[in-house]
Structure formats: C-alpha cells, structure tokens
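Colleague: I am new to this one and would like to go through its charged side chains. Could you show it to me?

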Amino acid sequence: WYDPSCGWGARLLGAMAKNVNYFGTDPNHLLCDRLINLANDYKSSVINCKSSVEIKTQGSEIFVKEWVNKMGLIFTSPPYFNLEDYKIGKQSYVNGSTYSSWLKTYLTPTIVNSKKYLINEGYIVININNFNEYDLVNDVKDICKNNGLKHIDTMVLENIKRTNSHNGFNNNSEGLMVFKKNQQQLTMF
C-alpha cells in the first residue's frame, strides 16, 4: 500500500506485519531515514517478513510515475493544514499560506496522484478530522468525489480518551473515510 504522509511508522509496521509491500512519501529526510532503519530492523528481527519498503523523501503532491496502477490500498492521515509544522523538508504548510491555497497546492494534487497510483477497484482510506475552523472532512470528501472517487463509508477510529482540566475526558476519536476507484469504462470510437 501507499502512505502519502508516512508519520511515525505505525502504518509501515502494520503493512510489514501483514507482509504487504509499503510505499511512502514524506518530505522530512530525518523521518524517512529513521523509517527505513525501522523497516530494516523489523525485517532482520521477524522471520518470514516478505514486505518490500520504498520510501521517497518528498511531498505526496509530487507525482511518482513508477507507482501508477500499483497500489491496492492507500491509507494515510494527512497533515491538518497548519496544525503541526515539522520545519524539516518542504512541508505542505508554509508559514503564511492560506487554507484554500493549501487545498489547491497540496491536498488536491495528493489525492489526484493517489488515484493514479491505485489499481482499478482500489481503495483510499483517509484518517482525518476537522480542527478549528477548517472543515477538512468535507473538503477531503469533495476533493475525492470531484476527482472520480466513490465514497463508500466513514468509520470511527476510537482513540484513547484523555483527561482534560474540567475533570472530564476529551474524545480523541477520528474518522476513517473510505473511497474506491471504480473501473474506468472504455469508450469505443
């Protein structure tokens, strides 16, 4: 599977545990180096690990021709616009950029590229929530639908609840939106 935003390695290890080939992109070169080391350590420690791992140090908005029609699953948790700035590599958020420009220059190209990487009948699963005034859930859904992906379902990923300063709990559950690339109908001329 392909992970447009590698994160801290949970999806990488999940793929390897199931002997699934993992492809990823992330602009943070330090993170990519550590993820490759993690994958190599896992392979040397686990008997019969047959997964191959390819991680490119670049943003997911940059197209990778060799990956076209190779992925059965794309599973990721993309950046939440300006929520976090890792300051290493060419991040999707640039200080001072607007939400609409981020949607146009990062999120839309990431989804367009992801669709190209999918095999017919492949799936994209996006783990995302709204935050502050940004309606990431509906914007992701609209971008996916506008680019020919069919929304199949939205599930809840129940994360741990954390205590807050009001003697209560914060619900940290997140949505998992599932989209499918339908087989393209050929037009006869």
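Modeller: What follows is a short exchange on charged residues in this predicted model.

Colleague: How many salt bridges does the structure hold?

Modeller: Side chains of opposite charge can pair when their charged atoms come close. In this structure the number of such salt bridges is 3.

Colleague: How many residues apart in sequence are the parts that Lys180 and Glu121 tie together?

Modeller: Lys180 forms a salt bridge with Glu121, with the closest N and O atoms 2.9 Å apart. Lys180 lies in strand E9 and Glu121 in strand E5, so the pair ties together parts whose separation in sequence is 59 residues.

Colleague: Is Asp3 buried or exposed?

Modeller: The side chain of Asp3 meets that of Arg11 in a salt bridge at 2.7 Å, N to O. Arg11 counts as buried at 16% relative accessibility. Asp3 has a relative accessibility of 0%, and buried means under 20%, so Asp3 is buried.

Colleague: Which side chain of opposite charge is nearest to Lys181?

Modeller: Lys181 lies in strand E9, residues 174-181. Lys181 is buried yet has no salt bridge. Its side chain reaches the backbone oxygen of Lys115 at 3.2 Å. The nearest side chain of opposite charge is 9.7 Å away and belongs to Glu121.

Colleague: Is Glu158 buried or exposed?

Modeller: Glu158 is found in the loop between strand E6 and strand E7. Its relative accessibility is 68%, and exposed means over 50%, so Glu158 is exposed.

Definitions and conventions: Residues numbered from 1 in each chain as written. Predicted model: local features only at pLDDT ≥ 70, side-chain atom pairs only at ≥ 80, totals over all residues. Heavy atoms only, no water. Helix = DSSP H or I, 4+ residues; strand = E, 2+ residues; numbered from the N terminus. Buried < 20%, exposed > 50% of the residue type's maximum accessible area, 1.4 Å probe, protein only. Lys, Arg positive; Asp, Glu negative; His and termini not counted. Salt bridge = Lys/Arg side-chain N within 4 Å of Asp/Glu carboxyl O. Polar contact = N/O pair within 3.5 Å; in protein donor to acceptor, adjacent residues only side chain to side chain.
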